[in-house]
Amino acid sequence: MMRIALDLILFLSLFATPWWVSLIIALAGIFFFTHFYEIVVAGFIMDIVYGTPNASFFGIHFLSSIVAILLLVIGAFIKKRMIFYP
């Protein structure tokens, strides 16, 4: 039930709040749940709705999706090495 509530808050924040609020909610989801794959879907939605090719990142259109995948992998790596994480 908690995961569904966080998913709803995350997906509503994609459309109603600045990007950094959605990022904080997604990071909380990464560390509260073991496999929070919803962050990749949220990154893809951000790219579809708000994404434009950015010249400073070599014209990459799906930058938010790439960042979401990296955050998911880095979060899993950090959680394995944390002493107090269950």
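Start with the whole protein chain in view: among its contacts (heavy atoms within 4.5 Å) between residues at least 6 apart in sequence, 59% join residues at least 24 apart. This is a predicted model, where local features need pLDDT of at least 70 and side-chain atom pairs count only at pLDDT 80 or more, while totals for chains, interfaces and linings use all residues. Residues are numbered from 1 along each chain as its sequence is written, and side-chain values use heavy atoms, leaving out hydrogens and water.

Now switch to a cartoon. You will find four helices and zero strands, taking helices as DSSP runs of H or I with at least four residues and strands as E runs with at least two, numbered from the N terminus. The C-alpha trace spans about 40 × 25 × 15 Å along its principal axes.

Next, select Lys79, in helix H4 (residues 63–81).

Finally, select Phe31, Phe57, Phe58, Ile60, Ile66, Leu70, Ile74, Phe77 and Ile78, which form a nonpolar patch on the surface. In such a patch, residues have over 30% relative accessible area and no salt bridge, and nonpolar side chains are joined within 5 Å. H4 gives the most to it, with five residues. Zoom in on Phe58, in the loop between helix H3 (38–50) and H4: Phe58 counts as exposed (over 50%) because its relative accessibility is 78%.

Definitions and conventions:
Patch = residues over 30% accessible without salt bridge, like charges linked within 9 Å, V, L, I, M, F, W, Y side chains within 5 Å. Areas by Shrake-Rupley, 256 points an atom, 1.4 Å probe, with all protein chains shown as cover. Salt bridge = Lys/Arg side-chain N within 4 Å of Asp/Glu carboxyl O. Buried < 20%, exposed > 50% of the residue type's maximum accessible area, 1.4 Å probe, protein only.
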